[in-house]
Amino acid sequence: MRPVKLPDRSDDPALEVGRPPAAAALRRLAGLPLRAHLALGTVLLFVAAGLLGPIFLPFDAARTSPPDRLLPPGTRLSDGVVAWLGTDQVGQDILAEVLAGMRTSLTVALVTVLVGGSVGLLLGLLAGYFGGWADGIISRVGDIQLAFPSLLLAILLAGVLGPSMVNVIIALAVTRWVIFARVVRGSAIAVRDREFVDSARVMGASHGRILFHYILPTCLPPLLVAATVQVGLTMVAEASLSFLGLGVPSSQASWGSTIAEGRDYLASAWWIAAAPGAALALVVVSIGILGDLLRDASDPMTEL
């Protein structure tokens, strides 16, 4: 008798129930495409470099070293340290500036998304669940704001408030809340008349309980996707403001300000602008890839 070969059901989602959470998570991670592993590895590498890099290679904006100015990558400085990415016009190590700029960009992006996402989540829930005049007012204010380019609005607000990390976060959060509000509003409208929500109303649940126990969980997946994408876009916006001199003050490193300083030396010292520009492009592209994967994973239509 020939042995019967059973079908391979190792990828069956139903079998994930009996597995330990860590093993199931590792198995799902291993099943991701190659671009997901590369993007996730790049983001984690830059996050670790931004958090730990300034500790081992501190950046001091007031420090200058005229003998070490405009040295190419890989040159040994006068103090014996190797400048792997070269030096700028005042002798600063570009690698130290890139690492410190990564911390600045990451801080601004995460806090901006947190503040703007929280405001957008609250207003989107109110507009989508209650509708009526609340929906009308919030939607019209959002439409009016979307009529203006977000970067121009951020430039206006940053110019009025002045160069400061807090002011940059405020200016960018004002331009981002409407994106989260529209995402949450659409998800809330889609589920506010579903059977489980009507059942909660019949049982006497309050509006607050319905919002936070029934409506909010359905809004979190698309909100997470939007937040992931907005982190990368916010990093670009922060670099743009710093490039124009409206971002963080000169005492703090920023990729945008470093690129602005290197534009006058593109012919003789291209690495000043190229290093932070390449880092910014690589991080933003990697975050965009992760956002696309999260969107595909949270969209049930992709399974059809």
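User: How many residues does the largest nonpolar core have?

Analyst: This is a predicted model: local features need pLDDT of at least 70, side-chain atom pairs count only at pLDDT 80 or more, and totals for chains, interfaces and linings use all residues. Residues are numbered from 1 along each chain as its sequence is written, and side-chain values use heavy atoms, with hydrogens and water left out. A nonpolar core is a set of buried Ala, Val, Leu, Ile, Met, Phe, Trp, Tyr and Cys residues joined through side-chain atoms within 4.5 Å, where buried means under 20% relative accessible area, exposed over 50% and partly exposed in between (1.4 Å probe, protein chains only). Leu125, Ile215, Met235 and Trp255 have the most contacts inside the largest core, and its number of residues is 40.

User: Which helix gives this core its largest share?

Analyst: Helices here are DSSP runs (H or I, at least four residues), numbered from the N terminus. At least two core residues come from each of α2 (34–56), α3, α6, α7 (195–202), α8 and α10. The largest share, 11 residues, is supplied by α8.

User: Beyond its close sequence neighbours, which residues is methionine 235 in contact with?

Analyst: Let's go back to one of the core residues with the most contacts, Met235. A contact means heavy atoms within 4.5 Å. If we set aside neighbours within four places in sequence, methionine 235 is in contact with Met102, Ser105, Ala109, Trp255, Leu280, Val283 and Ile287.

User: Is glutamine 230 buried or exposed?

Analyst: Glutamine 230 sits in helix α8, which covers residues 207–243. Not counting residues up to four places away, it touches Val113, Arg176, Ile179 and Phe180. Because its relative accessibility is 6%, glutamine 230 counts as buried.

User: How far does helix α3 reach from its first C-alpha to its last?

Analyst: Helix α3 covers residues 94–130, 37 residues in total.

User: Which residue caps the N-terminal end of α3?

Analyst: Look for a side-chain oxygen that lies 3.1 Å from the backbone nitrogen of leucine 95.

User: Which residues are joined into one salt-bridge network?

Analyst: A salt bridge puts a side-chain nitrogen of Lys or Arg within 4 Å of a carboxyl oxygen of Asp or Glu, and the whole structure has 5 of them. Arginine 140 meets aspartate 143 at 2.9 Å, and arginine 182 meets aspartate 143 at 3.1 Å; this second pair links helix α6 (residues 165–191) with helix α4, 39 residues apart. Another bridge pairs arginine 295 with aspartate 292 at 3.8 Å, and these two are 3 residues apart in helix α10 (residues 271–298), so about one helical turn separates them. Through shared partners, one network joins Arg140, Asp143 and Arg182.

Conventions. Expected span 1.5 Å × (residues − 1). Polar contact = N/O pair within 3.5 Å; in protein donor to acceptor, adjacent residues only side chain to side chain.
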